[in-house]
Amino acid sequence: MNKKQKLELTWIGKENRPKLEPRVLIEDPDKSHHATHRITDDDLFDNQLIFGDNLLGLKSLEHQFAGKVKCVFIDPPYNTGSAFEHYDDGVEHSLWLALMRDRLEILRHLLSEDGSLWITIDDNEAHYLKVLCDEIFGRANFISTVIWEKSDSPKMDSQFFSSRHDFVLVYAKSLGAMKLGRLIDTNRDAAKHYNKIDGDGRSYYLKPLRAMGSGEDTREARPTLYFPITAPDGTLVYPKRQDGVDGRWRWSKERVEREPDKLEWVKIKSGWSLYYKIYAEGGQQRPAETIWPHAEVGSNRTSKAEVKALVNQVGQFDTPKPEALMKRIIELATSPGDLVLDSFAGSGTTGAVAHKMGRRWIMVELGEHCHTHIIPRLKKVIDGEDPGGITDAVDWKGGGGFRYYRLAPSLLEKDKWGNWVINKEYNAAMLAEALCKLEGFTYAPSDSVHWQHGHSTERDFIYVTTANLSREQLQQLSDEVGPERSLLVLCTAFRGGGEYPNLTVKKIPKQVLSRCEWGHDDYSLQVQNLPKAPPKPGQQPLFGEAEK
Ligand SMILES: C[S@@+](CC[C@H](N)C(=O)[O-])C[C@H]1O[C@@H](n2cnc3c(N)ncnc32)[C@H](O)[C@@H]1O
């Protein structure tokens with residue numbers, strides 16, 4: 001056996017990789033939405049909703065957001081073969097795997113070192129997807145497969161099993177750096193102990209401050225923990241065992257003085273008893289388990305009702321996820337202020353939940369329900385008009401906002417002679433931004449220096465112009481740039497150029513022609529994108545040249 005062979009999943013066309021154009025994102029302010037006033041100091045406004053194919057969408061985010069996303073959640077079409085109202089779910093397996101691979105590779109690049117990926121999926125592709133993710137993320141970074149109980153009753157017309165669950169595959173970008181949150185125990189018997197609520201709305205229960213039950217609960221055993229504490233009516237209370245022997249407190253005198261808010265006096269027949277508070281957030285956290293019952297995180301029935309309540313007038317969305325499920329994932333994977341990304345946004349559950357939980361978000365959605373479902377839903381969340389889902393659980397009152405973007409058309413188009421030329425829809429700013437993305441520069445046009453459109457380092461700049469630059473103009477640029485800095489000049493034509501050590505002068509579009517596939521707008525899950533099968537050994541290709 002060839003030693004170099006590795007364990008891998010293969011499929012038709014695996015070797016084909018699209019050369020993606022990093023598109024400019026164009027904001028449509030009429031579709032963006034912001035609260036009319038701040039509700040809290042932590043309101044988040046820089047969220048993004050991107051309308052378009054997610055492969056191009058992710059590519060366009062890559063330069064700015066690489067390494068910055070804490071949690072990627074995706075709920076891709078499961079490839080079930082059944083046609084849904086909103087998208088074509090029946091896609092050939094190879095095509096599905098190829099398209100997932102291309103997206104997952106960029107998603108991995110976007111994740112921060114301590115970030116994680118969460119994917120919902122069912123039996124149709126789960127096991128293939130697991131192997132694919134192992135290949136992209138490394139098998140060592142696989143964390144777990146969670147079983148989400150998606151339904152609450154059997155489907156009576158099932159031929160074999162009535163499927164009750166979906167999977168959630170969980171991967172770390174880098175297992176060593178990843179920290180998974182813990183769950184606050186609110187659904188278990190232990191939670192019944194948290195029978196009191198303090199002024200801040202936090203649940204707690206009381207435990208006597210006097211030590212009890214161990215052989216060490218006497219004054220004699222720990223003399224320094226025997227001291228009087230003043231009750232609300234001024235009485236001095238000492239720790240006394242029920243048999244009359246001097247007892248001892250659990251806390252030191254210093255701690256009693258330092259944390260009076262954590263103590264509570266209770267008047268009983270025989271006088272005052274002192275207790276300390278144990279909060280739900282304190283010790284009673286538990287690791288997430290791998291089975292998530294619908295009673296805890298909702299089912300498909302819950303989520304359909306949630307979306308229907310929000311956007312009933314434009315019809316139901318077939319495959320939303322429940323808000324409680326997303327809350328659990330976001331709770332485990334992120335902290336407030338972290339960035340959450342969903343590139344198969346559907347009805348926008350991820351953004352809605354992230355928003356209510358004080359996380360920043362980016363969503364990408366290709367379907368028309370981006371307008372009919374996501375925008376109205378997020379507007380209601382921001383305006384404090386969505387009472388459903390997790391609103392009560394997180395005490396959401398509204399606030400913040402998002403910007404709506406669409407993908408710019410391809411930078412290059414063919415003219416009537418078949419030559420690639422700069423797309424007429426591009427203005428100077430779009431052209432500069434597009435070339436910054438292509439050349440790996442950060443687009444940051446200077447107000448004062450006309451040739452600074454972006455930078456790659458503090459001393460390396462880019463200048464984009466459709467002008468034909470003369471020797472004199474290049475000389476002037478070189479003088480302004482000076483010996484300490486460098487400038488990449490992209491222009492449609494120029495004279496000279498080689499003689500300036502601080503300038504690199506290139507022609508557009510020639511400089512970028514071979515960089516990517518131009519004019520390719522459709523990388524979505526369409527069967528017609530499937531690459532052709534290679535001919536079987538010994539078989540002549542049907543079309544084109546036979547082997548020479
Ligand atoms: C299962 S749904 C996601 C549902 C979502 N989790 C929710 O709670 O509403 C999958 C979504 O992915 C979208 N989608 C499929 N292919 C896409 C692509 N290439 N680019 C962007 N979105 C895509 C579909 O339009 C669909 O809305």
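**Words and cut-offs**

Tutor: Let's start with Asp395, which is exposed at a relative accessible area of 52%. Keep in mind that this is a predicted model, where local features need pLDDT of at least 70, side-chain atom pairs count only at pLDDT 80 or more, and totals for chains, interfaces and linings use all residues. Residues are numbered from 1 along each chain as its sequence is written, and side-chain values use heavy atoms, with hydrogens and water left out.

Student: What makes Asp395 "exposed"?

Tutor: The cut-offs are: buried under 20% relative accessible area, exposed over 50%, and partly exposed in between, with a 1.4 Å probe and protein chains only. Asp395 has 52%, so the word is exposed. Asp395 sits in the loop between α10 (391-394) and β19 (401-407); helices (H or I, at least four residues) and strands (E, at least two) are DSSP runs, numbered from the N terminus. Its C-alpha is 8.3 Å from that of Lys356, although the two are 39 residues apart in sequence.

Student: And why is Arg164 called "partly exposed"?

Tutor: Arg164 has 34% relative accessibility, so it counts as partly exposed. Arg164 is found in the loop between β6 (142-149) and β7 (165-172).

Student: Which residues does Arg164 contact, leaving aside neighbours within four places in sequence?

Tutor: Contact means heavy atoms within 4.5 Å. With those neighbours left aside, the partners of Arg164 are Trp148, Glu149, Lys150, Ser151, Asp152, Ser153 and Pro154.

Student: How do you know that helix α1 is largely enclosed?

Tutor: Count the buried ones: nine of the 12 residues of α1 (residues 54-65) are buried, so the rest of the structure largely encloses this helix. Among them are Leu55, Leu58, Leu61 and Phe65. After α1 comes Gly67, with a positive phi near 75°.

Student: How are α2 and α3 placed against each other?

Tutor: The axes of α2 (residues 93-110) and α3 (residues 126-137) come within 10 Å and cross at roughly 35°. Axes are lines fitted to C-alpha atoms, for helices over the stretch in contact, and angles run from 0 to 180 degrees between N-to-C directions. Residues meeting there include Trp96, Met100 and Leu104 in α2 and Leu129, Leu132 and Phe137 in α3.

Student: What makes a set of residues a "nonpolar core"?

Tutor: It has to be a set of buried Ala, Val, Leu, Ile, Met, Phe, Trp, Tyr and Cys residues joined through side-chain atoms within 4.5 Å. The largest one here has 43 residues, and Leu104, Leu129 and Leu341 touch the most other members. Its largest share, eight residues, comes from α2. A second, separate core of 36 residues includes Leu49 and Tyr404.

Student: Why are β9 and β13 said to stand at the edges?

Tutor: Two strands pair if DSSP finds at least two bridges between them. The open sheet has four strands in the order β9-β10-β14-β13, with antiparallel pairing. β9 (196-197) and β13 (263-268) each have a single partner strand, so one side of each has no neighbour in the sheet. Six bridges join β13 to the antiparallel strand β14 (residues 271-279), and Leu263 stands opposite Tyr276 in β14.
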